[in-house]
Amino acid sequence: MKKINFIILLSLSNITLANINIENTPIPGGIAVVDFQSNHSNPKAFYSNIPIYTQYIKNQYWQALIGIPLLSEVGEKYITIKGFFTQKITFTVYGHHYKEQHITLTDKKKKYVNPNLKHMERIKRERPILLKTRKLFSKKSLFNGQFIRPVKGVITSPFGLKCFYNEQLRRAHTGLDFSGSVDTPIHVPADGIVILTGCFFFNGNTVFIDHGQGLISVYIHMNKYLVKQGQLVNQGDKIGTIGQTGRATGPHLHWGIYLNQTTVNPNLLLRCI
């Protein structure tokens, strides 16, 4: 197992705020865009007590971007805005149906369906590291507001699929899978800072990049990564190559996006360009 490195303290004082032009998609796995007004210079917003991404529009107008969990129930929700006073703003989550995907793992790959005791011990060691990374919330945006595709390959598995491995239901597909041969370059879609690299049981070689305010991208099943913790990366920089490490049936990139600790459809960020 490769050494796992982790960094959580960031120096962001020189990073400027940037806005995301994104479509309102208030469905499970989507992003709700909620407008609000505040005359506070830096209002804070929360969803289920978790800080969420906010961006200044003009005058006293702001927006909150809320990642909606895949298991979220439909209906009315609310966010809490804290400035000079506290206000609650409601929005509605609508239903959405995702398709199924059936994957067969054979030979040595069967361990990713029914891990043995040794594998379970490793999974338990890695779980808090991954959880801590996904919970990171830095105070400022780190990028230019426009995401690009990390690779040019075809999307072979869309976001949100209900995944069955050897006919056993596992959690839904939490990212986009891009096809590509081993060692195809992977480029960072937006400016950010590398917050975690390592080799994990299910993910294989992995890189997490913070884009600010709880917006985090992850790159999974890599053959190798070429960045290290604490490194600032600019949009288009090569961060590694496609592989088939971890729970993968063939070479591809799994690209995921977290927003307020929630997996959301990465395609929603690509629509802004």
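Which residue in E17 is the bridge partner of Asp-210? I looked it up, and the partner is Ile-216.

**Entry 1: ground rules**

I am working with a predicted model, where local features need pLDDT of at least 70, side-chain atom pairs count only at pLDDT 80 or more, and totals for chains, interfaces and linings use all residues. Residues are numbered from 1 along each chain as its sequence is written, and side-chain values use heavy atoms, with hydrogens and water left out.

**Entry 2: the whole protein**

I noted two helices and 21 strands. Helices (H or I, at least four residues) and strands (E, at least two) are DSSP runs, numbered from the N terminus. Of the 273 residues in the protein, 51% are buried. Buried means under 20% relative accessible area, exposed means over 50%, and partly exposed lies in between (1.4 Å probe, protein chains only). I then looked at contacts, meaning heavy atoms within 4.5 Å. Of those between residues at least 6 apart in sequence, 70% join residues at least 24 apart.

**Entry 3: cores**

I searched for nonpolar cores, each a set of buried Ala, Val, Leu, Ile, Met, Phe, Trp, Tyr and Cys residues joined through side-chain atoms within 4.5 Å. The largest has 36 residues, and Phe-147, Leu-215, Tyr-219 and Trp-255 have the most contacts inside it. Among the elements that give this core two or more residues are strand E16 (204-210), strand E17 (215-225), strand E20 (252-259) and helix H2 (267-270). A second, separate core has 15 residues, including Val-34, Ala-45, Tyr-47 and Val-93.

I went back to the strands of the opening question. Two strands pair if DSSP finds at least two bridges between them. Strand E15 (residues 192-200) and E16 run antiparallel and are joined by seven bridges. Within that pair, Leu-196 has Phe-208 in E16 as its bridge partner. The two strands form a hairpin with three residues between them. E16 and E17 also run antiparallel, with five bridges. Their hairpin has four residues between the strands, and Gly-212 in the turn has a positive phi of about 105°.

How many of the seven residues of E16 are buried? I found seven, so the strand is mostly covered by the buried criterion of under 20%.

Gln-213 sits in the loop between E16 and E17. Its phi is positive, about 55°, although Gln-213 is not a glycine. Is Gln-213 buried or exposed? Gln-213 is buried, because its relative accessible area is 5%.

**Entry 4: Ser-217**

Ser-217 lies in strand E17. Ser-217 counts as buried because its relative accessible area is 0%. I checked for polar contacts (a pair of N or O atoms within 3.5 Å; within protein, one must be able to donate a hydrogen and the other to accept it, and residues adjacent in sequence count only if both atoms are side-chain atoms). One of 2.7 Å joins the side chains of Ser-217 and His-211. Not counting residues up to four places away in sequence, Ser-217 touches several residues, including Val-207, Phe-208, Trp-255 and Gly-256.

**Entry 5: His-252**

I found His-252 in strand E20. His-252 counts as buried because its relative accessibility is 11%. Its side chain reaches the backbone oxygen of Gly-250 at 2.9 Å. The C-alpha atoms of His-252 and Ser-181 are separated by 7.1 Å, while the two residues are 71 residues apart along the chain.

**Entry 6: the three-stranded sheet**

I traced an open sheet of three strands in the order E2-E6-E5, with antiparallel pairing. E2 and strand E5 (53-58) are the edge strands, each pairing on one side only. E2 and strand E6 (residues 61-67) are joined by seven bridges, and Ile-31 stands opposite Gly-67 in E6.

**Entry 7: two loop residues**

Ser-38 is in the loop between E2 and strand E3 (44-47). Ser-38 is buried, because its relative accessibility is 11%. Its side chain reaches the backbone nitrogen of His-40 at 3.1 Å. Leaving aside neighbours within four places in sequence, I found Ser-38 in contact with Pro-43, Gln-60 and Trp-62.

Asn-49 is in the loop between E3 and strand E4 (50-51). Asn-49 is exposed, because its relative accessible area is 75%. Its phi is positive, about 70°, although Asn-49 is not a glycine.
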